[in-house]
Amino acid sequence: MTARLNGSVENGVEMAIDRQTGASMMEQLVPEITTHALSYLDFPSLCRLSMTNSLMRRAANDDNAWKALYHKDFTLEQDNVTPPNGWKAYYAATRAIVTVNAEFFRIVKERLLQDMGQFWLNADYVKCFHASGESFSGYNAVMESWQLAFAWHNVADFQIRDVRTRVLPSMAWVTMKAYVDDIGPRTFNMTNIYELHNGRWYMVHHHNSAVLINGGGEQQLLHV
C-alpha cells in the first residue's frame, strides 16, 4: 500500500513538473541529443521548427545543427572553417550563391543575352574564358563573346555536378564539373567567381576548360 502510494505521489510530482514547464519530450532532451536529432532535418524543416516556440528556436539556431546541415547539403571540405557570423548565416549565403550559379546555367541554356548582360558586373576587370579556348576582358568584350556564343550552333546540352562553393563577405567562387551529352562520358571543369554589390551577387569571372567535340569528321571547339 505504501509502495503504491509512493509511486502515485512520484508520478503526480512528475506530471505536475511537466505541466509547469510545458516542455515536450523533444525539449527535455539533453542538448547533445537534440543537436544530433536536428541533424536529420532538411533546410525547410529546420526553419519551420525554429518558429514553434522559444525553446525550439534556440535549439534550431544552434551552430552545430547548421554546420551539420551545411556538410550534408554542400561539402565536408570546409570543416575547419569558422564563419564569422556563424554556420546558419554561412549556410544561407552558400545557398544563395548556389541558386545564383544555377541561374547562370539557365541563362546559358536558354541563350538569354539580355539576362546575361544583367548577370555580369559592368566593370572593366571582368573576365570570361569560354570552352572554345578564347578569353575576353572587360564588360563589353565579355557581352560580345556571349552574343557570338549564343549564335553558334554548338551550344551543347550539359549537366552540372560536383558543385563546390566558398563564400566570403563580398566575394564567392564556385567550382564544378560539366557533363556534355554530345561528347559522351567526358567531363570538363568550370570556375565562376562572384562579387557582392549593393546586396546582389554579380559574376566577375567565368573560366571553362577547352572542350573539343567531333562534328562532320572534324574536331570543333565547344562554346559554353
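A residue counts as partly exposed when its relative accessible area falls between the buried limit, under 20%, and the exposed limit, over 50%. That scale is used at several stops below, and the model being toured is a predicted one.

**Whole chain**

The chain has 224 residues, and 37% of them count as buried. Its secondary structure consists of 8 helices and 8 strands. Take the contacts between residues at least 6 apart in sequence: 48% of these join residues at least 24 apart.

**Stop 1: D79**

Select D79, in the loop between helix 5 and helix 6. Is D79 buried, partly exposed or exposed? Its relative accessible area is 36%, so D79 is partly exposed. Show the surroundings of D79 next. Apart from neighbours within four places in sequence, D79 is in contact with K67 and H71. For a distance check, pick the C-alpha atoms of D79 and A68: they are 9.6 Å apart in space, and the two residues are 11 apart in sequence.

**Stop 2: helix 5 and helix 6**

Now select residues 63–73, which form helix 5, and residues 86–110, which form helix 6. Two packed helices are described by the angle between their axes and the distance between the axes. Here the axes come within 7 Å and cross at roughly 30°. Helix 5 is therefore roughly parallel to helix 6, since angles under 35 degrees count that way. Which hand does the crossing of helix 5 and helix 6 have? The crossing is left-handed.

Display side chains at this contact. On the helix 5 side, select D63, W66, K67, L69, Y70, H71 and D73. Their partners in helix 6 are G86, W87, K88, Y90, Y91 and T94. Sorted by class, the contact of helix 5 with helix 6 has 6 nonpolar, 3 polar and 4 charged residues.

**Stop 3: the aromatic rings**

How many aromatic pairs does the structure hold? There are 11. For one of them, select Y70 and Y90, whose ring centres are 5.3 Å apart and whose planes make an angle of 35°, a tilted pair. Y70 belongs to helix 5 and Y90 to helix 6, so this pair ties together parts 20 residues apart in sequence.

Colour these two residues by accessibility. Y70 has a relative accessible area of 0% and is buried. Y90 is buried as well, with a relative accessible area of 7%; the limit for burial is 20%.

**Stop 4: two backbone angles**

Move on to R111, in the loop between helix 6 and helix 7 (113–119). Its phi is positive, about 55°, although R111 is not a glycine. R111 is partly exposed, with a relative accessible area of 34%.

Finish at D162, in strand 3 (residues 158–167). Where does phi of D162 lie? The value is near 55°, positive in a residue other than glycine. D162 has a relative accessible area of 39%, so D162 is partly exposed.

Methods. Residues are numbered from 1 along each chain as its sequence is written. This is a predicted model: local features need pLDDT of at least 70, side-chain atom pairs count only at pLDDT 80 or more; totals for chains, interfaces and linings use all residues. Side-chain values use heavy atoms; hydrogens and water are left out. Axes are lines fitted to C-alpha atoms, for helices over the stretch in contact, and angles run from 0 to 180 degrees between N-to-C directions. Helices (H or I, at least four residues) and strands (E, at least two) are DSSP runs, numbered from the N terminus. Angles under 35 degrees count as roughly parallel, over 145 as roughly antiparallel, 65 to 115 as roughly perpendicular and the rest as oblique. A crossing is left-handed if the near helix is turned anticlockwise from the far one by less than a right angle, and right-handed if clockwise. Contact means heavy atoms within 4.5 Å. Ala, Val, Leu, Ile, Met, Phe, Trp, Tyr, Cys and Pro count as nonpolar, Asp, Glu, Lys and Arg as charged, and the others, Gly among them, as polar. Rings of Phe, Tyr and Trp (its six-membered ring) pair if their centres lie within 6.5 Å; planes under 30 degrees apart count as stacked, over 60 as edge-to-face and the rest as tilted. Buried means under 20% relative accessible area, exposed over 50%, partly exposed in between (1.4 Å probe, protein chains only).
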